[in-house]
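Hi,

Here is the structure I promised to pass on to you.

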Amino acid sequence: MRLGLIGGGPGAFIGPVHRIAAEMDREIQLVAGVFSSDPARSRAAGQGFGIDPARAYGSLEALIAGERDRPDGVQMVAITTPNHLHFAMAKTALEAGIAVMSDKPATATLAEATALEQIVARTGTPYRLTYTYTGYPMVREMRARIAAGAIGKIRKFVVEYLQGWLADPIEGDNKQAAWRVDPARAGIGACIGDIGVHGFNLLEFVTGEKVASLNADLVTVVDGRTLDDDCTVGLRLDGGAHGILLASQIATGERNTLRIRVYGATGSVEWTHDACDQLRIGDANGTVTTLYAGGGALGADARAAARLPAGHPEGYLEAFANLYRDFAGLLNDRDAPLLPGIESGLRSMAFVDTAVRHNGAGWVDLTI
């Protein structure tokens, strides 16, 4: 499948990650892109990716026009820009019949996400999102075990996503920080939209249930910012379980700490990003069993997501690549039921919108 990358120019973090992940399994090849809105910078970035300079464009419209009549033209694009550009980019590509893999969140606002859902339905063009952590083998095993009733009825959960890189006001000198705390580019939420949506999506993914209501406490800790940089959100699932989501980018000393624990009537399961090849399963007697990626005791979804035997580390790039492998399969008429799509994007934006609008107001329903 021939890929066009949107974003990923000088100073970008996630764009190059998309490129590496997309090409890992040799089912997708980067052939073109809009790496910057400045045509000269786009050509320079494309050269660094090994792209024909003629296929490094200055806009998505130029890419579509330039690739449309080529026998080797792009079949899909990856959107890796700041949030405020996601909707327009996705709309343009989908209406041109080009499949879209978008970085999360789907859009900058709930209204945009709602409009995008309608565009996806109207065009019938494939659209998916890179909620990276759904690509980990042991996250998929966690989902399968919960669905099979391994821990009984869900009673309690805790999701944590803690970072410390924005504990100081570095946005004046840091490109990645600058757009994430800027309402014009990040949207209505900062921390909650950047990493809170990962925790929200992960919870719904592994439990198979939907968040029915929430109680948000979003705060801005660092002086001078207008958007949240720390979040504590109480959540209730539609099955009745209560829990909490913690998301922070001012948790001094934390790196990229993601952890999810789900407690049921007969047992519990825990996955943490720091030990991403492990899944801890507890029972009512206090016995804890640790399963490992690549092991023989795993289900089909986890086995399919692991590339190496047990004991050989796999991590972020491989999980990301699993999403692209699933997408390539989808475009080649293979099933990809675990790959997040517009429904996940819409629900995540409803979560952000509801939390921001009802911040500090107590429990409110999440209606979407």
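Predicted model: local features only at pLDDT ≥ 70, side-chain atom pairs only at ≥ 80, totals over all residues.

Five strands form an open sheet in the order β2-β1-β3-β4-β5, and their pairing is parallel. The edges are taken by β2 (29–34) and β5 (127–130); each has a single partner strand, so one side of each lacks a neighbour in the sheet. On average, neighbouring strands here are turned by 25° against each other, direction ignored. At the β2 end, β1 (residues 2–6) pairs with β2 over five bridges in the parallel sense, and L3 has L30 in β2 as its bridge partner. Helix α3 (residues 60–67) lies across β1 and β2 and runs at about 130° to β2.

The largest pocket has a volume of about 950 Å³. Its lining counts 48 residues, and I14, T80, Q176, W179 and R180 are the closest to the centre. By class, that lining has 21 nonpolar, 20 polar and seven charged residues. Helices supplying at least two residues each include α4 (86–95), α9 (191–207) and α11 (316–331).

The second largest pocket holds about 330 Å³ of space. Of its 18 lining residues, F205, K210, P340, E343 and S344 lie nearest the centre. Two or more residues come from each of α9 and α12 (342–357), with α12 giving the most, five residues. The classes here are seven nonpolar, five polar and six charged.

Best wishes

Note on methods
Residues numbered from 1 in each chain as written. Heavy atoms only, no water. Pairing = 2+ DSSP bridges. Helix = DSSP H or I, 4+ residues; strand = E, 2+ residues; numbered from the N terminus. Axes fitted to C-alpha atoms, helices over the stretch in contact; angles between N-to-C directions. Contact = heavy atoms within 4.5 Å. 1 Å grid on protein atoms, 1.4 Å probe; cavity = no way out; pocket = protein on both sides within 12 Å on 5 of 7 lines; lining within 4 Å. Points joined across faces, edges and corners; volume = space filled by probe spheres on them. Nonpolar A, V, L, I, M, F, W, Y, C, P; charged D, E, K, R; others polar.
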